[in-house]
Each structure stands twice: as C-alpha cells, then as structure tokens.
Amino acid sequence: MYKDENQTLNKEHNHLSAYFEKISDVIRNYEEVILFGPSEAKNELLNLLKDNHLFGKIKIEVKPADKMTGVERFAFVTENFNPTW
C-alpha cells in the first residue's frame with residue numbers, strides 16, 4: 001500500500017511540475033504578474049520563480065482569492081491591472 005501511495009504522490013508532483021513549467025513559459029513574457037487563487041499552489045509557484053534568475057525583473061505578487069467564476073476573475077484582474085480597453 002505504501003508503494004502505491006508513493007507512486008501516486010510522485011505522479012501528482014510530476015503533473016504539478018509540468019503545469020508550473022507551462023505557466024513559467026507564459027510568465028516570462030510579462031513585466032507584472034499576479035498569482036491568485038484559493039490553494040497554496042500560487043505560493044509554491046512563486047517560490048520556484050524566485051529561485052530562477054530569468055524572473056528576477058518581473059514584478060510578481062501573490063494574492064489570496066476564493067474560488068471565482070469567470071466574471072469574478074475578469075473583475076479581479078481588471079481591478080488589479082486597470083487595463084485601458
């Protein structure tokens with residue numbers, strides 16, 4: 001049973017690492033980024049980004065947020081970045 005649990009945890013870790021890598025590729029193209037959401041994944045991602053010199057000039061903030069609908073996410077981003085469109 002322990003072996004199965006360990007394999008499951010390793011699989012989950014690998015999926016999360018791959019997901020963070022995809023997000024990191026996108027973040028490289030921006031000057032400012034807000035990581036938000038209800039889980040601790042945003043903090044894990046922030047720690048990974050801080051350890052990578054490629055993200056040293058990018059302003060990265062972390063803000064807690066409850067689970068949001070698409071409309072709520074749009075309003076959150078609009079309030080934090082105040083786009084001109």
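Here are a few questions and answers on this predicted model.

Q: In what order do the elements of the chain run from the N terminus on?
A: Start with the tally: the chain has three helices and two strands. Reading from the N terminus, they come in the order α-β-α-β-α.

Q: What is the radius of gyration of the chain, and is the chain spread out or compact by the globule rule?
A: For 85 residues the globule rule gives 12 Å, and the chain sits well over that, so it's more spread out than a compact globule. The C-alpha trace spans about 55 × 30 × 15 Å along its principal axes. As for the radius of gyration itself, that's 16 Å.

Q: What percentage of the 85 residues in the chain is buried?
A: To count as buried, a residue needs under 20% relative accessible area. Over the 85 residues, the buried share comes to 19%.

Q: How are the rings of phenylalanine 36 and phenylalanine 76 arranged: stacked, edge-to-face or tilted?
A: Phenylalanine 36 is in strand E1 and phenylalanine 76 in helix H3, 40 residues apart, so to speak linking distant parts of the chain. Their ring centres are 4.3 Å apart. Planes under 30 degrees apart would be stacked and over 60 edge-to-face; these are at 40 degrees, so the pair is tilted.

Notes: Residues numbered from 1 in each chain as written. Predicted model: local features only at pLDDT ≥ 70, side-chain atom pairs only at ≥ 80, totals over all residues. Heavy atoms only, no water. Helix = DSSP H or I, 4+ residues; strand = E, 2+ residues; numbered from the N terminus. Rg over C-alpha atoms; globule rule 2.2 N^0.38 Å. Buried < 20%, exposed > 50% of the residue type's maximum accessible area, 1.4 Å probe, protein only. Phe/Tyr/Trp six-rings, centres within 6.5 Å; stacked < 30°, edge-to-face > 60°.
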